[in-house]
Amino acid sequence: MSDLRDLYQEVIFDHNRHPRNFGALPEANRHADGFNPLCGDRLTLHLRVEGGVIQEARFEGAGCAISTASASLMTEALKGKTEAEAAILFEGFHHMVMGEPVSVDLGKLAVLAGVSEFPARVKCATLAWHTLNAALKNESNPVSTE
Amino acid sequence: MFDVQRMRAQFPILAREVHGRPLVYLDNAATTQKPRAVIDAERHYYEFQNANIHRGVHALSQEATDAFEAARDKVKNFLKAPHREEIIFTRGATEAINLVAHSWGRTNLKAGDEILVSEMEHHANIVPWQLLCEATGAVLKVIPIDERGALVPGAFESLLGPRTKLVGITQVSNALGTVNPVADIIRKAHQAGALVLVDGAQAVAHLSVDVKALDCDFYVFSGHKLYGPTGIGVLYGKREHLEKMPPYQGGGDMIAQVTFKKTTYNELPYKFEAGTPHIAGVVGLGAAIDFILSVGLETIAAHEDTLLAQATRLASAFEGLQVIGTAPGKASILSFVMKGVHPHDIGTILDSEGVAIRTGHHCAMPVMDHYHLPATARASFALYNTPDEVDALFRALRRVEELFLK
Ligand SMILES: Cc1ncc(COP(=O)(O)O)c(C=O)c1O
């Protein structure tokens, strides 16, 4: 097995202990709930989208270190992105955690690359992103990783 | 004398390594490993006896039928069932419960009738009853558990009433390890005129079961949690109930005569065994029962109790670690959470140390809701586990602490 340190990078511990953009967002105009039935992780994503640009993103919920850090890093990365740019990021992120070649610059999100060596944890890393998809479509049913 | 090393030698998989470390398999409540005797029995069946049963006149078919039916007798003796035709082979505990919910439930329940289950049931002993309630208008009621994970004293008695038609109760909880007072529950349910289905999925590998003494109406278990193969399980039902119940599935083997005007059903147990069964699995299950009885359930239970006591002691000395499920009577299961670390992360780190445990909701989401937890980590012990492995578990938990909480 690859080193645990590839999975649990310092940045991930940091975002797990001190998640950024954590909490409610009263001015939000998009919301979605995500659920990973495998491990019970739940998260709620709030977005304020104006003119097709994500102005603010915050999340609430409880999850493992990987899903919490992934949500935290995602909310940071989304700020100021258009919906189309967010979709490109998700695609790139998905390729990365699946261990496939990535053609976009993922910036800080790249600390989650180690997830690709731990197939059981891919869903933890992608929960926030699936929830983002639902929020952008404003789907009212909770999304599930299953 | 019980010699755990001699036991281990009978389980080929225990010799393997995981991530370069010796496998420490502590996920026995999910499924147990298989002894050589079970693997050999299945192999022998396929290499020497394979044929379809109950139909051929040729030698192999006769031998296969004999092996299959001999396993039924082993199950009958194992459960101390009065009659061999009370033993129905199913795919597992889940299918056995669905069979009862469907066949008994749909003919005996009407709107307003009540089914009681406990808050600690596995989803397999919840959802089939919910489906039945949807279909019939019956009502599902829940016996609550307390903070220790035991049934709230007196709660069952106050829920039990003239409308109660069936009580579904697990003998041992897979999420908490609690051993329930099923004999007492059965006695009281019968006084109120209700039947009782006991989910023995987590019990059979740890406690010796006597369905006659218990006087339960139905008892279910899965072979794979009893050192036997996957895909095979058992429904025991009292003959008087099974005789009155309609078939669950239709097909070959379960009929006496078929015409397009009218079909008559085969006698018990075949009425409930439509289609070609998992013959090799049944043979393997018979071998698993022989194996268990050769070791002795008292011996197994004593060994596992020692491991559980050791693990419980180490857990209580571990700061930040909280055991979930502290009922006075427990079997073989240590469910826990660790402050500041999600169970899923615990599972990954333990795996990297070769220690296999289960993390998640254990198909018992109501138990998780009760404790306001998304999940727990669960170590569960079997006859081949050793005190060294319990130590390895706690060494690996120290590593979790180091990584996460340093
Ligand atoms: C208490 C209990 N009941 C029922 C089941 C279902 O068993 P199976 O999946 O083998 O049908 C399990 C398995 O986890 C269990 O632990």
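This is a predicted model: local features need pLDDT of at least 70, side-chain atom pairs count only at pLDDT 80 or more; totals for chains, interfaces and linings use all residues.
User: What makes chain B as compact as a globular protein of its length?

Analyst: Chain B comes to 14 helices and 17 strands. Its radius of gyration is 22 Å, and the globule rule gives 22 Å for 406 residues, so chain B is as compact as a globular protein of that length. The C-alpha atoms fill a box of roughly 75 × 55 × 35 Å along the principal axes.

User: How do you know whether chain A agrees with a compact globule?

Analyst: Set the value against the rule. For 146 residues, a compact globule would have a radius of gyration near 15 Å; chain A has 14 Å, which agrees. Its C-alpha trace spans about 45 × 30 × 30 Å along the principal axes. Chain A holds 5 helices and 4 strands, in the order α-α-β-β-β-α-α-α-β from the N terminus.

User: Why is B:A81 called buried?

Analyst: Buried means under 20% relative accessible area. B:A81 has 5%, so B:A81 is buried. The residue sits in the loop between helix 3 (59–79) and strand 4 (87–90) of chain B.

User: What does B:A81 touch, leaving out residues up to four places away in sequence?

Analyst: B:A81 touches B:K76, B:E86, B:I87, B:V211 and B:Y236. Contact here means heavy atoms within 4.5 Å. B:I145 is 64 residues away along the chain, and its C-alpha atom is separated from that of B:A81 by 30 Å.

User: Why are the buried residues of helix 7 of chain B said to line one face?

Analyst: Helix 7 covers residues 182–191, and its buried residues are B:V182, B:I185, B:I186 and B:A189. Down the helix axis they fall within an arc of 100°, so they line one face. The general rule is that an α-helix has 3.6 residues a turn, so residues three or four places apart point the same way.

User: What covers those buried residues of helix 7?

Analyst: The cover includes helix 6 (155–159), strand 7 (164–170), strand 8 (195–199) and helix 8 (211–214), which also belong to chain B. Helix 7 is followed by B:G193, with a positive phi near 85°.

User: How much of each chain counts as buried?

Analyst: In chain B, 59% of the 406 residues count as buried. In chain A, buried residues make up 51% of 146.

Definitions and conventions. Residues are numbered from 1 along each chain as its sequence is written. Chains are lettered from A and ligands numbered from 1 in the order in which they are written. Side-chain values use heavy atoms; hydrogens and water are left out. Helices (H or I, at least four residues) and strands (E, at least two) are DSSP runs, numbered from the N terminus. The radius of gyration is taken over C-alpha atoms; the globule rule is 2.2 Å times the number of residues to the power 0.38. Buried means under 20% relative accessible area, exposed over 50%, partly exposed in between (1.4 Å probe, protein chains only). The arc is that of the directions from the helix axis to the C-beta atoms.
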